[in-house]
Amino acid sequence: MTLFAVPGEAQILHPGAEIGWTDYADLALASPVVLVGAVDRVDRLSKKDAPDVPPGQVRALVQAKLQTALKAPSLLPEGAAWLWQGAAGAKGRPPFAREDRLLVFARPMAGGARPEVQALQLVSNAGQQPWTVEAEAQVRAILKEAQQPGALGLMVTGVADGFHTQGDVPGTSESQFFLRTEGGRPLTLVVRRSPGREPEVRASAGDLVERAVPIQPRTLLWRALACGLPAELPPALAGQEGLAGDYRLAREAIGACGRTLPPPA
């Protein structure tokens with residue numbers, strides 16, 4: 001059954017791998033539509049309709065009943081439909097069935113044949129995910145944080161400059177790293193050392209470094225730093241021993257990005 005004409009780029013591959021918090025953040029921020037739906041119908045496309053599907057995979061038109069819209073540019077109808085492609089399950093069928101709940105990250109498409117069914121295009125090869133309580137809770141929290149002023153546009157693209165200063169008290173020092181960001185917003189990484197205390201790693205998403213805050217894991221600020229900070233300082237800064245040492249410490253404290261999939265284009 002054909003509900004709508006779907007362009008070739010909507011026919012995407014789903015890797016089926018378990019994804020993490022950063023992947024959910026990538027998907028949620030890139031998607032105009034995020035919804036929870038219950039599968040109503042799965043129509044596997046024939047070899048004639050999908051001749052380019054590689055062996056061991058299947059392409060299907062998925063129709064679902066809308067249960068919850070977590071994000072949408074406007075009111076959604078009661079149903080949605082999209083193309084899915086991925087590894088075949090038992091008997092060459094998709095590895096999900098009627099009534100299964102899915103978490104969907106997509107773009108709305110125009111031209112649907114039925115007004116009660118919203119045509120969608122998944123935003124990436126991971127745009128359809130199995131629904132779990134934990135996954136929905138993570139996505140809800142990400143979307144809520146994204147609505148806060150100044151939460152977006154902070155993804156780091158490089159280190160513009162930095163300096164290291166010794167304090168008046170022996171053993172005290174501070175390094176500041178001025179970061180380039182995707183949205184052009186100011187972002188400063190600060191490392192402070194004091195005798196008898198663990199070094200502090202903070203960040204200021206503004207012009208006032210005095211307001212630098214600790215970096216909490218699984219936040220959009222943490223993602224901007226963990227996924228964007230380069231492995232090394234630029235050559236002009238890397239030769240400064242104190243600065244370079246604090247940068248290595250900050251990178252280790254912030255930790256790995258945790259991204260398992262390429263972010264949506």
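Reply: Here's a tour that goes from the whole chain to single side chains. This is a predicted model, where local features need pLDDT of at least 70, side-chain atom pairs count only at pLDDT 80 or more, and totals for chains, interfaces and linings use all residues. Residues are numbered from 1 along each chain as its sequence is written, and side-chain values use heavy atoms, with hydrogens and water left out.

Me: How many helices and strands does the chain have?

Reply: Helices (H or I, at least four residues) and strands (E, at least two) are DSSP runs, numbered from the N terminus. Here there are five helices and twelve strands. Along the principal axes, the C-alpha atoms fill a box of roughly 75 × 40 × 30 Å.

Me: What share of the residues is buried?

Reply: Buried means under 20% relative accessible area, exposed over 50%, and partly exposed in between, using a 1.4 Å probe and protein chains only. In this chain of 265 residues, 46% are buried.

Me: Which residues have the most contacts inside the largest nonpolar core?

Reply: General idea: in soluble globular proteins, nonpolar side chains tend to be buried together. A nonpolar core is a set of buried Ala, Val, Leu, Ile, Met, Phe, Trp, Tyr and Cys residues joined through side-chain atoms within 4.5 Å. The largest one has 48 residues, and Leu 103, Phe 105, Val 139, Leu 179, Leu 189 and Leu 225 have the most contacts inside it. Helix H3 (residues 220-228) gives this core its largest share, seven residues. There's also a second, separate core of 16 residues, with Leu 35, Trp 84, Leu 102 and Ala 106 included.

Me: What does helix H1 pack against?

Reply: For packing, look at contacts, meaning heavy atoms within 4.5 Å. H1 (residues 21-30) is mostly covered, with eight of its ten residues buried. Those buried residues pack against S2, strand S3 (57-71), strand S5 (101-108), strand S7 (128-130), helix H2 (133-146) and H3. Leaving out residues up to four places away in sequence, Phe 105 touches Tyr 24, Leu 27 and Ala 28, among others, and Tyr 24, Leu 27 and Ala 28 are among the buried residues of H1.

Me: Where is Ser 175 found, and is it buried or exposed?

Reply: Ser 175 sits in strand S9 (residues 173-181). Ser 175 counts as buried because its relative accessibility is 0%. Now try polar contacts: pairs of N or O atoms within 3.5 Å, where within protein one must be able to donate a hydrogen and the other to accept it, and residues adjacent in sequence count only if both atoms are side-chain atoms. The Ser 175 side chain makes one with the side chain of His 164 at 2.7 Å and another with the side chain of Asp 246 at 2.6 Å.

Me: Which side chain does Asp 43 join through a polar contact?

Reply: That's Gln 63, at 3.4 Å. Asp 43 lies in strand S2 (residues 33-44) and is buried, with a relative accessible area of 14%.
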